[in-house]
Amino acid sequence: MGPEVKKRTLSVEDNGGFDETAAAGTALIGLGGNVGDPLAYCREAVRTLAEHPHVRLVRCSSFYRTEPVGKIDQSWFVNGAALCSTPLQPEELLALLQELEWRCGRVRRERWGPRSLDLDLLSFGRMVLESERLTLPHPRIHERRFVLVPLLEIAPRWRHPVFGRTARELLDALDGVPGQAVEFLESP
Ligand code: A4P
Ligand code: MG
């Protein structure tokens, strides 16, 4: 009789301790918007990414209703995150994300201002990079509950490539910081 093969279904919480997000070509993408129907734009972006020949969608988070951070006199946002793997270079993936933003029709390009769809490349494996067009990891992840809550949901073993801290630890460090409400909106 051959060796017994035990089949296990791995959940997000129980993946044997392996941080899948550390692998080269693994991208965490932040999605957000607060103009028009941002939930529909986010869902459309995830669908389009999943259908792209050079992108494999591994997992998508729930979507959350979030209090605006930075420029606070604007509508609440919808935010989520997606985990993908790709043979593309990070600059190529960023160009694809920017094309998707435009396809979903950004309304204004005021920094930190209202937008129908904002797609940020949060991290790309453990890559640390600063060029004119791309900073990795995204420089404001650790300051933002609207990024960390969905990130924690889909990648609990992710560690910030520079600070070495998990999303849980970074979230705990934001305890007591006012004005960053994050409310569950819809399942993925
Ligand atoms: N860029 C450099 N690195 C990256 C990266 N890792 N991912 C460059 C994406 N883009 C990157 O971005 C400006 C330039 O950043 C791009 O040309 C790209 O080459 P943008 O998306 O055109 O402009 P932006 O989004 O208005 O500016 P920024 O600084 O990226 O803003 P953030 O950090 O995206 O913040 N509050 C809530 N609750 N939810 C939100 O989603 N979003 C913002 C925008 C503010 N407050 C928010 C939310
Ligand atoms: Mg952005």
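Trainee: Leaving aside neighbours within four places in sequence, which residues is proline 161 in contact with?

Mentor: Keep in mind that this is a predicted model. Proline 161 sits in the loop between α3 (145-154) and α4 (167-173). Once its neighbours within four places in sequence are set aside, its contacts are Ser123, Arg126, Met127, Val128 and Pro137.

Trainee: And how far apart are the C-alpha atoms of proline 161 and glycine 125?

Mentor: Along the chain, these two are 36 residues apart.

Trainee: Is proline 161 buried, exposed or partly exposed?

Mentor: Count the other C-beta atoms within 10 Å of its own: there are 18. Buried takes 20 or more and exposed takes 12 or fewer, with partly exposed in between. With its count of 18, proline 161 is therefore partly exposed.

Trainee: Okay, zooming out, in what order do the helices and strands come?

Mentor: The protein chain has four helices and eight strands. Reading from the N terminus on, they run β-α-β-β-β-α-β-β-β-α-α-β.

Trainee: Which element gives the most to the largest nonpolar core?

Mentor: That core has 41 residues, and those with the most contacts inside it are Leu28, Ile29, Ala45, Ala82, Leu121 and Leu151. Several elements each supply at least two residues, among them β1 (26-33), α1 (38-51) and α2 (90-103). The one that gives the most, with seven residues, is α3.

Trainee: What does leucine 151 touch, not counting residues up to four places away in sequence?

Mentor: Leu151 is one of the residues with the most contacts inside the core. In general, nonpolar side chains in soluble globular proteins tend to be buried together. Leaving out residues up to four places away in sequence, leucine 151 touches Leu28, Ala81, Leu122, Trp158 and Ala167.

Trainee: Now for the ligand: which element gives the most to the shell around ligand 1?

Mentor: There are 21 residues around ligand 1, and the closest are Gly32, Thr66, Phe77, Leu121 and Thr135. At least two shell residues come from each of β4 (77-85), β5 (118-124) and β7 (135-136). The most, three residues, come from β5.

Trainee: How many residues of that shell are nonpolar, polar and charged?

Mentor: Gly counts as polar here, so Gly32, one of the closest residues, goes in the polar group. The whole shell around ligand 1 divides into nine nonpolar, six polar and six charged.

Notes: Residues are numbered from 1 along each chain as its sequence is written. Chains are lettered from A and ligands numbered from 1 in the order in which they are written. This is a predicted model: local features need pLDDT of at least 70, side-chain atom pairs count only at pLDDT 80 or more; totals for chains, interfaces and linings use all residues. A residue is near a molecule or strand if its C-beta atom, placed from the backbone, lies within 6 Å of it. Two residues are in contact if their C-beta atoms, placed from the backbone, lie within 7 Å. A nonpolar core is a set of buried Ala, Val, Leu, Ile, Met, Phe, Trp, Tyr and Cys residues joined through C-beta atoms within 7 Å.
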